[in-house]
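Me: I have a structure open and I'd like to talk it through. Can you help me read it?

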Amino acid sequence: MLLAGYLRIIQTGIKMGKTLFEKIWQSHIVAERQDGPALIYVDRHLVHEVTSPQAFEGLRINDRRVRRPDLTVATMDHNVPTSNRMLPILDQTSAVQIQTLEKNCRDFGIKLFDINSDNQGIVHVIGPQLGITLPGTTIVCGDSHTSTHGAFGALALGIGTSDVEHVLASQTLWLEKPRPFEIRVKGKRKNPHAVTAKDIILSIIKNIGTDGGTGTVIEYRGQGVTDLSMEQRMTVCNMSIEAGARAGLIAPDEKTFEYLRGRKYTPDDYESLVDSWRDNLRTDSDAKFEKQFTLHIDDIAPQVSWGTNPGMTCDVTESIPSPDEFSKGNSGQKKSAEKALDYMALESGTAIQDIKIDRVFIGSCTNARLEDLLEASKIVKGQKISPSVRAMVVPGSQMVKRQAEELGLDKIFLDANFEWRESGCSMCLGMNPDILSPGERCASTSNRNFEGRQGTGGRTHLVSPVMAAAAAICGHFVDVREMDLR
Amino acid sequence: MMEGNVIKYAQDNIDTDVIIPGQYLKIHDYAEIAIHAMEGLDPDFHSKVSKGDFVLSGKNFGCGSSREHAPIALSHSGITAVLALSFARIFYRNAVDGAFLLPIEIGQDAYDGISDGDRVAIDIACNEIKNITTGQTYKMKPFSEIIGKIIAAGGLFAYNPDGD
């Protein structure tokens with residue numbers, strides 16, 4: 001069913017080289033207007049309970065059906081409880097939203113992985129795991145972190161509810177063409193267990209800023225990217241939106257093809273698709289990017305955010321910068337930094353490793369895959385968390401949870417006094433009961449440290465899973481490069 | 001021509017989590033969502049906003065989540081346009097596609113020259129913003145062709161490309 005899209009990728013003999021993004025864009029144009037805006041065909045539409053109810057309501061009011069229910073998949077992740085799922089959902093508004101998605105999927109014939117499904121999980125974790133995410137496809141979801149799927153060489157865009165309704169009704173979207181942005185990640189990390197994909201993407205955002213990618217689709221390239229596993233690549237692409245980009249993607253390679261081989265919804269003609277992807281899904285050597293940034297990763301350190309946006313980040317070995325140092329003369333940035341320090345109750349000059357934490361959250365679509373939990377467990381094994389810390393692990397999906405349990409990771413975390421919970425978005429965005437209390441400080445593997453994101457008055461520091469695990473043990477941030485990571 | 005008072009937040013990166021915090025995304029009633037607009041940044045917003053007001057802010061307005069509740073909350077509070085140095089793209093498209101409010105990109109001159117509480121008139125046809133309080137006039141960045149058409153049609157569903 002998706003074949004038409006792939007076949008159209010075959011080059012048409014135009015002279016100038018194209019970027020991977022431009023190839024995918026061109027092969028999905030249904031109609032085009034002068035100077036760029038195009039009606040783009042959507043190969044996969046992922047749906048969750050929070051941004052879809054009004055869209056389905058709109059279909060009903062206008063007596064429309066879902067054009068391609070077979071290309072639409074839904075799950076519930078944002079406000080599902082992560083405690084015992086045999087119990088009823090106490091929050092009535094959450095219960096209603098979850099029931100509404102069940103009814104909408106029933107009425108419109110959409111496949112749903114519901115709260116009791118073995119395949120339930122965060123929409124951006126289950127898409128790749130089930131083989132729904134495929135190279136060269138266009139994927140949309142009413143969620144900004146849809147950029148995650150770009151790790152497979154897909155053009156994956158976050159959209160809002162009006163656009164969700166438009167895709168449900170027409171399987172297309174009117175889009176202005178984003179500009180291609182090359183981010184080259186050069187070099188090799190000395191200690192890849194301690195310096196992770198999360199540290200790479202936080203370093204990028206620290207450098208280009210939270211609006212550095214606005215209006216662009218980022219292609220991450222270079223050895224620093226190809227060295228990463230698929231799960232690590234997802235962490236990088238996931239946070240493209242935190243740099244303001246419309247999407248982020250990585251050209252598929254043998255690791256990509258191997259990851260998707262034999263998954264539940266991997267197409268039957270997979271090997272012939274792989275042959276075509278191998279030939280076509282890469283940026284031509286003479287293609288032009290409109291923007292370029294290079295990050296050298298030989299010597300980067302684990303990163304810790306200190307402020308209220310992901311660009312406010314520094315090395316674990318550094319101290320919190322003064323608003324003057326941070327803003328480099330920009331008055332707006334200086335004011336933001338002052339406000340951030342006030343909200344975070346931190347002072348300039350404080351060493352990152354002197355910051356004490358109350359909570360640890362290992363979870364979210366950024367860092368709740370098997371490898372994330374496995375790496376964190378190596379820090380935790382045989383240890384106990386600091387008595388002043390409450391720590392939780394929220395696997396990204398039921399499949400991740402099962403796989404982790406098969407490896408005995410649940411026992412490692414539970415023995416260290418971590419909570420081991422059911423899958424969902426959880427404390428990444430404070431929609432379910434997993435929230436910070438006002439003033440609580442959290443080392444979090446999620447993607448956003450905005451004011452109130454994890455609960456009103458909560459203070460978030462973004463870190464990698466190993467950094468979060470180490471902070472849980474010590475009660476404050478520590479440089480994981482100095483720990484034994486086996 | 002639109003005319004209204006300005007509520008100014010002189011900062012960059014106002015994110016959708018402060019425009020409408022996550023715990024309110026379960027609410028379906030737009031009037032009730034509006035009560036919590038800007039709550040994460042300015043708890044007094046709901047009591048001071050009037051119908052027809054504008055929000056003015058710095059760079060990267062509406063960054064973060066794709067929640068359409070953000071333009072909905074502002075729009076149903078009475079805000080008809082957000083004037084900012086730049087916008088995050090998902091917020092921008094949500095505002096336009098759902099016909100909730102106008103996202104208007106302004107220059108540094110307008111950002112500096114318009115203060116909290118000023119009365120402002122916006123003339124989309126001429127791409128002009130007049131600060132009635134001070135008498136100064138500024139240029140706004142024109143909408144792209146397709147965005148202008150979606151706005152004129154009253155949202156993405158009302159936009160008929162065959163009419164081009």
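Me: How many helices and strands does chain A come to?
Reply: Chain A has 17 helices and 19 strands. Keep in mind that this is a predicted model.

Me: OK. What does the C-alpha trace of chain A span along its principal axes?
Reply: The spans are about 60 × 55 × 45 Å.

Me: And what radius of gyration does chain A have, next to a compact globule?
Reply: Chain A has 22 Å. A compact globule with 486 residues would have a value near 23 Å, so the two agree.

Me: What share of chain A counts as buried?
Reply: Of its 486 residues, 66% count as buried.

Me: Now contacts. Among those in chain A with a separation of 6 or more, what share comes from residues 24 or more positions apart?
Reply: That share is 77%.

Me: Let's pick a sheet. What is the strand order in the open sheet of 4 strands in chain A?
Reply: The order is β11-β10-β9-β12, and the pairing is parallel.

Me: Why do β11 and β12 of chain A each have one side without a neighbour in the sheet?
Reply: They stand at the edges.

Me: What is the average twist?
Reply: From one strand to the next, the twist averages 20°.

Me: How do strands of a sheet pair, in general?
Reply: They pair through backbone hydrogen bonds, either parallel or antiparallel.

Me: Back to ours. How many bridges do β9 and β12 of chain A pair over?
Reply: They pair over 6 bridges, in the parallel sense. Strand β9 takes in residues 179–186. One spot to look at is A:Arg184, which stands opposite A:Thr294 in β12(A).

Me: Which strands of the sheet does helix α7 of chain A touch?
Reply: Helix α7, residues 197–208, packs on the sheet and touches β9, β10 and β12 of chain A. Its direction makes about 130° with that of β12(A).

Me: Switching to helix pairs. At what angle do α9 and α14 of chain A pack?
Reply: The angle is about 100°, and their axes are 8 Å apart. That makes α9(A) roughly perpendicular to α14(A).

Me: Which residues make the contact?
Reply: From α9(A), they are A:Glu231, A:Gln232 and A:Thr235. From α14(A), they are A:Leu370, A:Glu371 and A:Asp372. By class, that is 1 nonpolar, 2 polar and 3 charged residues.

Me: Over to chain B. How many residues of helix α4 are buried?
Reply: In α4(B), 8 of the 9 residues are buried, so to speak mostly covered. Among them are B:His69, B:Pro71, B:Ile72 and B:Leu74.

Me: What do the buried residues of α4(B) pack against?
Reply: They pack against α1, α2, α3, β3 and α5 of chain B.

Me: And which residue follows α4(B)?
Reply: B:Gly78 follows, with a positive phi near 115°.

Conventions
Residues are numbered from 1 along each chain as its sequence is written. Chains are lettered from A and ligands numbered from 1 in the order in which they are written. This is a predicted model: local features need pLDDT of at least 70, side-chain atom pairs count only at pLDDT 80 or more; totals for chains, interfaces and linings use all residues. Side-chain values use heavy atoms; hydrogens and water are left out. Two strands pair if DSSP finds at least two bridges between them. Helices (H or I, at least four residues) and strands (E, at least two) are DSSP runs, numbered from the N terminus. Axes are lines fitted to C-alpha atoms, for helices over the stretch in contact, and angles run from 0 to 180 degrees between N-to-C directions. Contact means heavy atoms within 4.5 Å. Angles under 35 degrees count as roughly parallel, over 145 as roughly antiparallel, 65 to 115 as roughly perpendicular and the rest as oblique. Ala, Val, Leu, Ile, Met, Phe, Trp, Tyr, Cys and Pro count as nonpolar, Asp, Glu, Lys and Arg as charged, and the others, Gly among them, as polar. The radius of gyration is taken over C-alpha atoms; the globule rule is 2.2 Å times the number of residues to the power 0.38. Buried means under 20% relative accessible area, exposed over 50%, partly exposed in between (1.4 Å probe, protein chains only).
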